[in-house]
Amino acid sequence: MQEEQQPEAAADPMSSSDAPEDGPKETSSVSQNISDADAFKILLEVKMKKRQKKPTLPSTVTELDTEDGSKVYVVGTAHFSDSSKKDVVKTIQEVQPDVVVVELCQYRVSMLKMDEKTLLKEAKEINLEKLQQAIKQNGVMSGLMQMLLLKVSAHITEQLGMAPGGEFREAFKEASKVPFCKFHLGDRPIPVTFKRAIAALSFWQKVKLAWGLCFLSDPISKDDVEKCKQKDLLEQMMAEMIGEFPDLHRTIVSERDIYLTYMLKQAAKQIELPRASETEPRKYIPAVVVGVVGMGHVPGIEKNWNSDLNIQEIMSVPPPSASSKIFKFVIKATVFGLMGYGCYRIGQRTVQFILSMPAAQSYLQKLTEVRSQH
């Protein structure tokens with residue numbers, strides 16, 4: 001399995017209000033007498049006191065259990081919804097998790113630290129430079145697919161005036177406030193998803209999908225905005241477009257359900273408590289995990305939860321098919337053809353412009369007279 005870099009959000013050091021008032025020397029001697037194990041236990045006790053035994057959770061949260069007693073709270077979110085942000089914050093504050101897992105991979109982790117205004121601007125602007133970067137990073141076919149899907153996201157962003165991924169940024173902020181809380185990226189790398197999606201389509205299916213995405217311009221009404229609070233608008237629009245392509249649905253949705261489930265189960269392994277010495281027996285406690293995923297993935301996670309999962313197969317990238325090679329050739333030929341036609345048109349207009357100038361007409365007239373004399 002390809003290892004992902006998983007940024008970890010560590011808690012800020014907590015200042016003790018029970019420090020003696022006799023001066024810094026005594027405080028220093030007391031702190032030196034506390035071992036790392038004791039300090040861990042103190043902070044863990046503080047965390048456990050904040051953790052609600054019977055948490056009051058939003059209706060969008062699904063609770064799952066592991067065989068060793070760990071608990072996983074999956075928050076189903078809409079990527080363009082303020083209410084989803086609130087659900088994430090409330091869940092993390094109530095359960096004080098040991099791990100927070102989000103539906104992001106290392107290729108999209110930058111959105112966690114960017115401010116809303118910058119993200120809104122980035123999401124709306126899809127230009128040639130971004131297309132070239134996507135193609136350079138993922139290849140021609142996968143790069144085009146990525147840009148087409150970004151176009152869907154940009155369309156919703158422009159209509160709603162809200163940048164995507166707000167729930168993931170809130171999860172990152174809240175995780176940093178919880179002692180000993182790790183932050184994991186739980187989604188399959190996006191280049192793998194796109195390459196597998198492209199390989200699953202026939203030549204004409206690729207053309208049809210690209211055509212549909214290129215000409216997406218349906219307006220989003222106020223009713224659609226309200227529906228965002230109950231359903232993920234982005235995933236709903238994608239589901240409508242890929243509904244007629246079962247293989248595409250399998251690679252973009254079903255396989256990622258399996259991957260997200262696997263990562264959540266990995267995060268939910270029991271936590272080993274620190275030991276005062278090597279001779280002390282190892283002790284473990286059940287983990288508490290919060291998963292933040294698009295609500296379209298929640299049914300798939302529930303379905304796969306009690307299954308033995310092997311992600312090796314869904315991480316492999318099949319070699320390009322004959323139809324992919326043909327489609328790639330057609331795309332390149334189209335691009336170069338348009339560039340050539342553009343140069344031709346520019347050149348033709350330039351010649352016409354030069355010939356229409358008085359000086360050029362006078363020169364041509366003299367040239368004609370010279371030739372007639374000979």
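**Exercises on a predicted model**

Helix α12 bends by about 30° at R256, where the bend is the angle between axes fitted to the seven residues ending there and the seven starting there. The model is predicted, so local features need pLDDT of at least 70 and side-chain atom pairs count only at pLDDT 80 or more, while totals for chains, interfaces and linings use all residues. Residues are numbered from 1 along each chain as its sequence is written, and side-chain values use heavy atoms, with hydrogens and water left out.

**Exercise 1.** Give the strand order of the open sheet and explain why β1 and β4 each have a side without a neighbour.

*Solution.* Step one: the 5 strands follow the order β1-β2-β7-β3-β4, with mixed pairing; two strands pair if DSSP finds at least two bridges between them. Step two: β1 (61-65) and β4 (182-185) stand at the edges with a single partner strand each, so one side of each has no neighbour in the sheet. Step three: from one strand to the next, the twist averages 20°.

**Exercise 2.** Compare the pairing of β1 with β2 and of β3 with β4.

*Solution.* Step one: β1 and β2 are antiparallel over 5 bridges, and E63 has Y73 in β2 as its bridge partner. Step two: these two strands form a hairpin with 5 residues between them, and G69 in the turn has a positive phi of about 95°. Step three: β3 (residues 99-102) runs parallel to β4, joined by 4 bridges; V100 is partnered by F183 in β4.

**Exercise 3.** Decide whether T91 is buried or exposed, and list its contacts.

*Solution.* Step one: T91 belongs to helix α3 (residues 82-95). Step two: T91 counts as buried because its relative accessibility is 0% (buried is under 20% relative accessible area, exposed over 50%, partly exposed in between; 1.4 Å probe, protein chains only). Step three: beyond neighbours within four places in sequence, T91 is in contact (heavy atoms within 4.5 Å) with L57, P58, V61, Y73, V75 and V290.

Terms used: Axes fitted to C-alpha atoms, helices over the stretch in contact; angles between N-to-C directions.
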